[in-house]
Amino acid sequence: MDARIDKDWPAAVEAVNEDGRSDIVLLCEHASNHMPPEYERLGLDERHLERHIAWDIGAAEVARRLSARLDAPLFLSTYSRLLIDLNRPLGASGSIPVRSEDTDIPGNADIDAAEKARRAGRMFTPFHDRVTAFLDSRAAAGRPTRIVTIHSFTPVFLGKTRPWHAGVLFQNAVGLAEDILEGLRVDPDLNVAPNQPYVVSRDSDYAVLIHGDDRGIPAVLIEIRQDLISDETGIAEWAERLAAALPARQNEELT
């Protein structure tokens with residue numbers, strides 16, 4: 001396979017620091033806005049690929065810095081969420097969206113079962129299989145794990161302003177979520193809230209529930225307002241905030 005094809009079709013997951021000492025495992029399911037050229041941007045103008053509909057702006061950079069700061073393993077997506085969303089159940093309406101926010105996605109309209117299966121097989125399943133195998137290996141080694149997924153959200157959604165600087169989303173991991181919220185609220189100027197700007201559900205979320213709650217692993221999804229992490233200064237500030245807010249626990253045998 002030549003270099004051009006490799007670049008067009010990268011592996012579905014980028015793994016960083018898999019041997020990290022932290023009990024935190026980081027995921028970033030909307031890290032990339034990459035689309036192979038054959039998809040012709042799904043019929044969209046180039047500018048749409050820089051919007052939130054295509055990826056979570058700033059999330060990958062925050063996740064990378066947080067991985068380094070915590071010495072934590074990190075798994076990042078390598079394809080745009082417009083092709084298939086790694087944080088939506090397969091078959092859900094948001095899995096391969098025909099409309100995202102206020103924008104129609106022409107290249108996703110009326111695609112057949114074979115194309116849906118192709119995207120799942122090349123992008124969705126390999127990512128989650130890699131994460132599952134990694135979590136299995138940690139469990140077999142008796143290593144404790146907490147999952148933190150890093151996302152960003154738009155300041156305004158369908159005309160409605162979102163006042164929060166960040167949110168911590170969860171179902172079962174109440175203790176972990178409260179610890180993070182308490183840590184972030186050390187800064188009195190921050191507006192942070194539980195389960196904002198939306199609520200985790202089986203219809204519209206995947207990683208926290210499947211990799212976390214269903215396995216008995218504490219898992220949360222952190223949402224940061226994207227205008228706050230749109231440059232290097234904001235990215236560095238939020239990585240440090242989150243590192244300080246996450247309770248430090250490393251495996252005793254490694255410390």
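H30 sits in the loop between β2 and α2, with helices (H or I, at least four residues) and strands (E, at least two) taken as DSSP runs and numbered from the N terminus. H30 is buried, at a relative accessible area of 2%; buried here means under 20% relative accessible area, exposed means over 50%, and partly exposed lies in between (1.4 Å probe, protein chains only). Keep in mind that this is a predicted model, where local features need pLDDT of at least 70, side-chain atom pairs count only at pLDDT 80 or more, and totals for chains, interfaces and linings use all residues. Residues are numbered from 1 along each chain as its sequence is written, and side-chain values use heavy atoms, with hydrogens and water left out.

**Around H30**

- Setting aside neighbours within four places in sequence, H30 is in contact with W55, D56, S77, R81, D85, N87 and H151, where contact means heavy atoms within 4.5 Å.
- One of those partners, S77, is a buried residue of β3.
- Another partner, H151, is a buried residue of β6.
- H30 and G58 are 28 residues apart along the chain, and their C-alpha atoms are separated by 9.9 Å.

**Elsewhere in the β2–α2 loop**

- E40 is found in this loop too, between β2 and α2 (59-70).
- The phi of E40 is near 50°, which is positive even though E40 is not a glycine.
- E40 counts as exposed because its relative accessible area is 64%.
- L42 also belongs to the loop between β2 and α2, and its phi is positive as well, at about 55°, again without being a glycine.
- L42, in turn, is buried, at 1% relative accessibility.

**L76 and strand β3**

- L76 lies in strand β3 (residues 74-77) and counts as buried because its relative accessibility is 1%.
- L74 and L76 point one way from β3, F75 and S77 point the other way, and all of them are buried.
- Once neighbours within four places in sequence are left out, L76 is in contact with A12, V13, E14, V16, C28, A31, A60, R64 and F127.
- β3 pairs with strand β1 (residues 13-16) in the antiparallel sense, over 4 bridges; two strands pair if DSSP finds at least two bridges between them.
- Within that pairing, V13 has S77 of β3 as its bridge partner.
- β3 is also joined to β2 by 3 bridges, and these two run parallel.
- L27 stands opposite F75 in β3.

**Strand β6**

- β6 (residues 146-153) is mostly covered, with 8 of its 8 residues buried.
- The cover reaches both faces: R146, V148, I150 and S152 are buried on one side, and I147, T149, H151 and F153 on the other.
- β2 (residues 24-28) runs parallel to β6 and is joined to it by 4 bridges, with I24 opposite R146.
- β11 (residues 219-225) also runs parallel to β6, here over 7 bridges, and I150 has I222 of β11 as its bridge partner.

**A cis peptide bond**

- The peptide bond from Q196 to P197 is cis, with omega near 10°.
- P197 is in the loop between β10 (192-194) and α5 (207-212).

**The whole chain**

- The protein has 6 helices and 11 strands.
- Its radius of gyration is 18 Å, close to the 18 Å from the globule rule for 255 residues, so the protein is as compact as a globular protein of that length; the radius is taken over C-alpha atoms, and the rule is 2.2 Å times the number of residues to the power 0.38.
- The C-alpha atoms fill a box of roughly 50 × 45 × 35 Å along the principal axes.
- Of the 255 residues, 53% count as buried.
- Among contacts with a separation of 6 or more, 81% are between residues 24 or more positions apart.
- The accessible surface comes to about 11500 Å², and 50% of that belongs to carbon and sulfur atoms; the areas come from the Shrake-Rupley method with a 1.4 Å probe, and for residues only the protein chains shown count as cover.
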